[in-house]
Amino acid sequence: MANIGFIGLGIMGTPMAQHLIDGGHTLFVNTHGKMPRTIIDAGATACETAREVAEKSDFIILMVPDTPNVEEALFAANGVAAGLTAGKIVIDMSSISPVATKVFAQKINDLGCEYLDAPVSGGQVGAKAGTLSIMVGGKHSTFEKALPLFQLMGKNITLVGKNGDGQTCKVANQIIVALNIEAVAEALLFAAKNGADPARVREALMGGFASSRILEVHGERMIKRSFEPGFRIELHQKDLNLALTVARQIGMSLPNTATAQELFNACAAHGGAGRDHSAMVQALEKMANFEIGQ
């Protein structure tokens, strides 16, 4: 069993940390805001700073919202880097910039430590169930050391390539998810405004080539008007911004990703930033002057 540091106990990080505790590991934790009582009751030790977490841990896992949060957690005056000694492993499971990740990894390597970027897909449901998909960038030897920890939190665990490739894979995932949400939203809205029962249309499509996990889960959300967040629009906006920024840096166009981002932007402008990303349909509904289920 290992001493594990965990920084970032939000709706994703809390159940992920709980799985590690359930697996018999000793956890040292730090988070922005209120510390979840459940994690402390389960036996984790709360630390005042990220530096203290790093000093007490062999593995240090980060699960925070965005690139600046990771940079602060790692390199602030009382950050992780200040508490590292040679041989420790830093694992960033946040979804952040692939470009920044390569810089962060090199800085950690320069301290004699190892680094993995290991963003996840599966949302709060997958975090609670321990069924997250985990996309890893880093050395194979480091991946092998961390694999038993990943197996407590996820099911589909893939070493994609070098540092930064895990984050690149996650950005690609978010492009696919956003475009699929947009396609399902357009299709169900088209069917509903044309007079068909969207629930029956969805049922029919689930048996054909158009079937997808997005149609199954988010199509149902659209029909039932159930937009309590599993994954918030504002977080998907952040991920698509990463996609569009990197695309510009490497000299390519992502036209449909840009369209999906504009639809998310419209939702946010109408107060929907905190809704589930399936609520993208509401931006299309406003343009159609028609609501699914109307």
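Here, buried means under 20% relative accessible area. With that in mind, take a look at strand β8 (residues 132-137) in this predicted model: 5 of its 6 residues are buried, so the strand is largely enclosed by the rest of the structure.

**Strand β8 and its neighbours**

- Strand β7 (residues 120-121) is joined to β8 by 2 bridges, and these two strands run antiparallel.
- Within that pairing, you will find serine 121 opposite serine 133 of β8.
- Strand β9 (residues 154-161) runs parallel to β8, with 6 bridges joining the two.
- Isoleucine 134 has isoleucine 157 in β9 as its bridge partner.
- To get from β8 to β9, the chain passes through helix α7 (residues 140-153), making a right-handed β-α-β crossover.

**Helix α10**

- At the start of α10, serine 212 places a side-chain oxygen within 3.4 Å of the backbone nitrogen of isoleucine 214.
- Ile214 is itself one of the buried residues of α10, along with Leu215, His218, Gly219, Arg221, Met222 and Ile223.
- The cover over those buried residues includes α8 (165-193), α9 (198-205) and α13 (281-288).
- After α10 comes arginine 225, and its phi is positive, near 60°.

Methods: Residues numbered from 1 in each chain as written. Predicted model: local features only at pLDDT ≥ 70, side-chain atom pairs only at ≥ 80, totals over all residues. Heavy atoms only, no water. Buried < 20%, exposed > 50% of the residue type's maximum accessible area, 1.4 Å probe, protein only. Helix = DSSP H or I, 4+ residues; strand = E, 2+ residues; numbered from the N terminus. Pairing = 2+ DSSP bridges. Right-handed = clockwise from strand over helix to strand, strands pointing away. Contact = heavy atoms within 4.5 Å. Polar contact = N/O pair within 3.5 Å; in protein donor to acceptor, adjacent residues only side chain to side chain.
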